[in-house]
Amino acid sequence: MFCPQCGKEVPEGLSLCQECGAQMPMKQEPAEAPQKPENVLTGTVGAVLGAVIGAVAIVLLSQLGFVASISGLILAVCALKGYELLGGRLTTRGIIISCVLILVTPYIADRIDWAILLVQEYPNVTFAEAFEAVPRLLDMGFIVPETYWTSLIMVYLFAILGAAGTVWSAIKGSKK
């Protein structure tokens, strides 16, 4: 560093110039980048859109005959990233909103999947009737409870995995 008064070199850490006694400017820390403001409304829209993408993945993978568990991961990442993308940043509020959607969406998507299967098997049944009948058919044993619950729990486990990883990344990223 050089003295602003006399131009002589001043060793780092000294507050006065050894040559002329002038006050040396304080070393400024680089300013932190300002955080983007959070927009809860658009963030919520982003989380809902992400949850819809996840629900479509759950139904589509299941309808194609694949184990839909991995779609829980897709659901969680899309909901959280959707909030972050449209909301400006992922805050605690955004995590809570996204997690509520992550908890509700697999159940709804699974019922949609079962309703589609029922309509394919019984064409005279409407989709709304089939959707409404899923819990009763489960209670009656028409839908095998072990299969139903195992599939749903696996989707939730993968959703938790995806949410935990995404939230952890957001927390680490906000500390930088």
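Tutor: A residue is called buried when its relative accessible area is under 20%, and we shall apply that cut-off to this predicted model.

Student: Why is Ile102 called buried?

Tutor: Ile102 has a relative accessible area of 5%, and because the cut-off for buried is under 20%, Ile102 counts as buried.

Student: Where does Ile102 lie, and which residues is Ile102 in contact with, leaving aside its neighbours within four places in sequence?

Tutor: Ile102 lies in helix α3, and, with those neighbours left aside, Ile102 is in contact with Leu75, Ala76, Ala79, Leu80, Tyr156, Ala159 and Ala163.

Student: What makes a set of residues a nonpolar core, and which residues touch the most other members in the largest one?

Tutor: The members must be buried residues of the listed nonpolar kinds, joined through side-chain atoms within 4.5 Å. The largest nonpolar core has 14 residues, of which Leu80, Leu90, Ile95, Ile102 and Ala163 touch the most other members. The elements giving two or more residues to this core are α1, α2, α3 and α5, and α2 gives the most, with five residues.

Student: Why is α1 called roughly antiparallel to α2?

Tutor: The axes of helix α1 (residues 40-63) and helix α2 (residues 70-87) cross at roughly 160° and come within 6 Å. Because angles over 145 degrees count as roughly antiparallel, α1 is roughly antiparallel to α2.

Student: How do the residues of the contact of α1 with α2 divide, and what is the handedness of the crossing?

Tutor: The residues of that contact divide into 17 nonpolar, nine polar and no charged, while the crossing of α1 and α2 is right-handed.

Technical notes
Residues numbered from 1 in each chain as written. Predicted model: local features only at pLDDT ≥ 70, side-chain atom pairs only at ≥ 80, totals over all residues. Heavy atoms only, no water. Axes fitted to C-alpha atoms, helices over the stretch in contact; angles between N-to-C directions. Parallel < 35°, antiparallel > 145°, perpendicular 65-115°, else oblique. Left-handed = near helix turned anticlockwise from the far one by under 90°. Nonpolar A, V, L, I, M, F, W, Y, C, P; charged D, E, K, R; others polar. Buried < 20%, exposed > 50% of the residue type's maximum accessible area, 1.4 Å probe, protein only. Contact = heavy atoms within 4.5 Å.
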